[in-house]
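Please look over the model below before reading on.

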Number of protein chains: 8
Amino acid sequence: MAKTRKAKPLVAILMGSTSDMDQMSRASTKLKEFGIDHEVVVTSAHRSPAQTAEYASSAKRRGIQVFIVGAGRAAHLAGAVSAHTTLPVLGVPLESGALKGMDALLATVQMPAGVPVGTLAIGGSGAENAAILAAQILALADRAIAAKLDRFKKAMAKKVPGVVEQVVAD
Amino acid sequence: MAKTRKAKPLVAILMGSTSDMDQMSRASTKLKEFGIDHEVVVTSAHRSPAQTAEYASSAKRRGIQVFIVGAGRAAHLAGAVSAHTTLPVLGVPLESGALKGMDALLATVQMPAGVPVGTLAIGGSGAENAAILAAQILALADRAIAAKLDRFKKAMAKKVPGVVEQVVAD
Amino acid sequence: MAKTRKAKPLVAILMGSTSDMDQMSRASTKLKEFGIDHEVVVTSAHRSPAQTAEYASSAKRRGIQVFIVGAGRAAHLAGAVSAHTTLPVLGVPLESGALKGMDALLATVQMPAGVPVGTLAIGGSGAENAAILAAQILALADRAIAAKLDRFKKAMAKKVPGVVEQVVAD
Amino acid sequence: MAKTRKAKPLVAILMGSTSDMDQMSRASTKLKEFGIDHEVVVTSAHRSPAQTAEYASSAKRRGIQVFIVGAGRAAHLAGAVSAHTTLPVLGVPLESGALKGMDALLATVQMPAGVPVGTLAIGGSGAENAAILAAQILALADRAIAAKLDRFKKAMAKKVPGVVEQVVAD
Amino acid sequence: MAKTRKAKPLVAILMGSTSDMDQMSRASTKLKEFGIDHEVVVTSAHRSPAQTAEYASSAKRRGIQVFIVGAGRAAHLAGAVSAHTTLPVLGVPLESGALKGMDALLATVQMPAGVPVGTLAIGGSGAENAAILAAQILALADRAIAAKLDRFKKAMAKKVPGVVEQVVAD
Amino acid sequence: MAKTRKAKPLVAILMGSTSDMDQMSRASTKLKEFGIDHEVVVTSAHRSPAQTAEYASSAKRRGIQVFIVGAGRAAHLAGAVSAHTTLPVLGVPLESGALKGMDALLATVQMPAGVPVGTLAIGGSGAENAAILAAQILALADRAIAAKLDRFKKAMAKKVPGVVEQVVAD
Amino acid sequence: MAKTRKAKPLVAILMGSTSDMDQMSRASTKLKEFGIDHEVVVTSAHRSPAQTAEYASSAKRRGIQVFIVGAGRAAHLAGAVSAHTTLPVLGVPLESGALKGMDALLATVQMPAGVPVGTLAIGGSGAENAAILAAQILALADRAIAAKLDRFKKAMAKKVPGVVEQVVAD
Amino acid sequence: MAKTRKAKPLVAILMGSTSDMDQMSRASTKLKEFGIDHEVVVTSAHRSPAQTAEYASSAKRRGIQVFIVGAGRAAHLAGAVSAHTTLPVLGVPLESGALKGMDALLATVQMPAGVPVGTLAIGGSGAENAAILAAQILALADRAIAAKLDRFKKAMAKKVPGVVEQVVAD
């Protein structure tokens, strides 16, 4: 990852704790595949609310276009970001604690009318899909990303093998 | 409710929408029974986050000692208040929407370490209990409230009738 | 709704049955508020799969930029659309049947890696939020929509009243 | 498994990913016990929808009589197959991800009227039962399979030991 | 329903109580549409276990080829039938009691290896789909039913309207 | 219900509130059918704990042999009774509040090792079954009740009609 | 376990598979502590229904007074036993498979009116409590068991230590 | 932990079993951080109810001001304590058994009107938060604790790093 130029992050990946990186790193990996500059932010809706509000409010001015936000348990971070921005916010409920992410799913997706969070699946595959959805959003105005998405989709289909075995049962 | 003197609210009852008053009014009723001045605030974690942060941050200076916070669905209001105060925050998950408050319960109670919300039962009985718990907290430094709580507890026990019928099965 | 010009739909609102209009109409209403042309499509992942595949595959060529897809129970429609497009797909789990939308929520949100659906809350408020999120996506390249979103967000905050009552408990 | 003749598959076992073979192989094992030729297909409702539609649509012409379809999480594969065929489709919700198959169960079984999926238990025992149910269906027109099912059922009953211990508690 | 000839039931529709007819009647209606003679049986796994065992054991001799079994709560009837037959058994979890059919779903679908029940959706739409699945099974050896299924599937697809409205948002 | 003799209650039916009588009255009705004297007690684990402890502790001396205990929500009454007695305690989770008895079921049945509660179904049918189970317990030492149970079981089986309709589908 | 006399089993411990012994052995251990002869039976509601019906029907004649029945997943065994007897049946939902016993709990406890199963907690502690409840039932007519239960209860209370530490926080 | 003076416990940490110390020790650790004397009590609502009632009833006289109560499964201990006191009771649902604390959560939080338990998250983070909430309650009348809470809250916010990485995606 040679930083030959300064990053111009279009996507912000937020999470409440560095321990969430296990699951959220798949979002960063996927964004890199699509050639999308981004930044990774650890901020908490509950422990550092002012930092979160400030970051969310100012991100648009700084060039951010889409938020990807992961959180576990009473997962409020995505909602807190959405409260402070009119940019699209994508939420990733993380798998942690006794309830394995069912709490995070409901706390992320059941937002009240007026303040949307587009929610993906629980855990790492949700983080990966958040990155793809972010790419799909950015692709509306960026032909290069759109072309990469088309190639990604075709390659994905080709990898599925179809009939793998015919069994004679004698 | 003759306002013969100015209120000195010790408890703040918060909710995200005036439609939550149906369930939250039981908290106000109970506080009045215990002789506790309070104020009722409609503010939203998601629609008016700055107002919520400002209210939660300044409440201690204004004399508030306990928060009672009701919210439904992805119920973030109690957590948002707790993020901005070191006062005790009591959460009431409200019954609304398709999931009938199970979402609100998990979003209220499953707070991360460092930012507690003492959560009561879903709906109106939870709101009533939040008021009683607030009274129990205030009673630690207020003998008048403590005495009222003792009377309330004894009266409650007395109302339970015990044996109500003996049935001869011939 | 005088049709003085031909619609140029940017958003497609899909649902599996005309009976879903009860909940999904809030998406259409909200898009109109934001001045976004759209079309309403009744197509089923299960009863008319070829129609669905054809619609999803060709929508991009016809100018559609975002899909809003509502479905109940084993809610596959949003996933089926996402399988056929690289456009952003927003899913709305509908409240119907014995399980009140919990089935639809899981069937919509738990998509496998590679094929995202940005999922909103169960029912009509989810439909409304899908429209707002679609507007947020389109606003990245459309200043008029962006300005409307800013006004909407500010108006929403202003409607929240704050302190509504101070109660003297004598 | 000497392939002394060409297979004439009557049953198709489908799954979305080769990693599902862990749980789905029990279906293949059981079909072999009943002497039923079958083929194993890896195809995805979401990543390779055209392949899935094509396979499901043409299977009847190729001699397939019953589908056994396993999938996890937002398990749409069985429903996608049922959408393209009038053959019986049996669904196996797979145990994977944070929700351990509860999501797959609801996404498989809660199909809308008109497009049935006969759903078995979550995981490997469901895969085994899908094979037995497929055998029961084929046995309606095949005395050899019917006879094997009768023997299987009697043998299963005989293996249950009944009283295994009498304990004197002194 | 003029009985001009004696019925030769191929399908047995079982339920534990006459009150289940509300939901189960849709199975009978659908079988009639497909021209399939059937009989309706009220028998209980728990209240009349001998009757149930006798009926399930002897049905094959009497010409029954498929069972459709509806039950609510701790829904054991489908499993009890499957325990006594090698014919295909289709289970319909009924919506009743406090848990609205979630209990019936789990009690019907989570059968142990060796004794399958092909389970449909909770409630009346599950009953309708059980009838369609029974028809799909019988159609493997009956061209008339197969032809009816093809027509049904095509008609179902045609009824889905596609684009129903284009909205100009001015 | 002519009280020609003094009741000698063998069974105590307990509930936390007179409003629970709606569901619990079915226990009393059933005990009367089996000729079993009983008494109905309203006492609360939480509001009148001393009364509950005293009643549970002294019931054996007063001739009570079985407890039937109904409670809703955080249903502790059955467990509280079991904590104070070595008599059999049967628990009935009541349907009330937002969670419809799922909370009461778990709070009643998930007792720790050492202090059992034999739990019946949620609601009125659970109350009825608690009475039957109490009769089954008492019948071990009472031939008259045993005979009534035998007649009840046979009558119940006879009421199930078996084949109710044969449908010719022309 | 010297068998110096022939066992006269008063309690039958049933389970569907020898693999259930892991969890069910705690019932046997506890019955031995209370000096209660019993027998252990492996029989299945689904794989050996005739054996189960025969055993349940004849147990009373053979001197059995209480059934303890453990089963997992779609746990029908306790209900199947209760269908064939007027003796008390105690059910133990076992922890197995993807749903960890929640399925077994609902399939055991949600029995229809007329056919009770007194259900204990999921897993081994439920098995232990079933043995204690069986002892409580038998103790109604057996002073020796009653005395052992009293001693057990007192010993259990004594083992709980009360205040274990006082912490000075300097 | 040099005991240079006698402890004057203000908080009582209760749990039903010494094995609960794993999760509950975080409450003790946190109270020590805030300089709050406390005592640790192992007592059971079910196995030692008289001890529990006696402890809860007398604690106020002994100087206790807040209860922190942890319990698993059918978690009644917090409710049992609240039944015997007018002091604030904070409940911690513990993660144990097949249901991983969901049972304990519902049994702790769904208390009836009149007898509140302020409930925290499942497991060790809930125990830690109970200690913080206890400190917040005590801080209302203790400036030293209030000052520590302020420092704790600021330190917590400072530890959250904000932007941790900017990624150039070339």
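1. Contact here means heavy atoms within 4.5 Å. Helices are DSSP runs (H or I, at least four residues), numbered from the N terminus. This is a predicted model, in which local features need pLDDT of at least 70 and side-chain atom pairs count only at pLDDT 80 or more, while totals for chains, interfaces and linings use all residues. Residues are numbered from 1 along each chain as its sequence is written, chains are lettered from A in the order in which they are written, and side-chain values use heavy atoms, without hydrogens and water.

2. In chain G, residues of α1(G) including Gln23(G), Met24(G) and Leu31(G) meet residues of α5(G), among them Gly124(G), Ala131(G) and Ile132(G). Helix α1 (residues 21-33) and helix α5 (residues 124-139) of chain G pack with their axes 7 Å apart, at an angle of about 30 degrees; axes are lines fitted to C-alpha atoms over the stretch in contact, and angles run from 0 to 180 degrees between N-to-C directions. The two helices are therefore roughly parallel (angles under 35 degrees).

3. Asn129(C) lies in helix α5 (residues 124-139) of chain C. Asn129(C) is buried, with a relative accessible area of 1% (buried means under 20%, with a 1.4 Å probe and protein chains only). Beyond neighbours within four places in sequence, Asn129(C) is in contact with residues including Met111(A), Val115(A) and Leu120(C).

4. Chain B and chain E do not touch, and their nearest C-alpha atoms are 13 Å apart. Chain A and chain G also have no contact, with closest C-alpha atoms 13 Å apart.

How values were computed: Buried means under 20% relative accessible area, exposed over 50%, partly exposed in between (1.4 Å probe, protein chains only). Angles under 35 degrees count as roughly parallel, over 145 as roughly antiparallel, 65 to 115 as roughly perpendicular and the rest as oblique.
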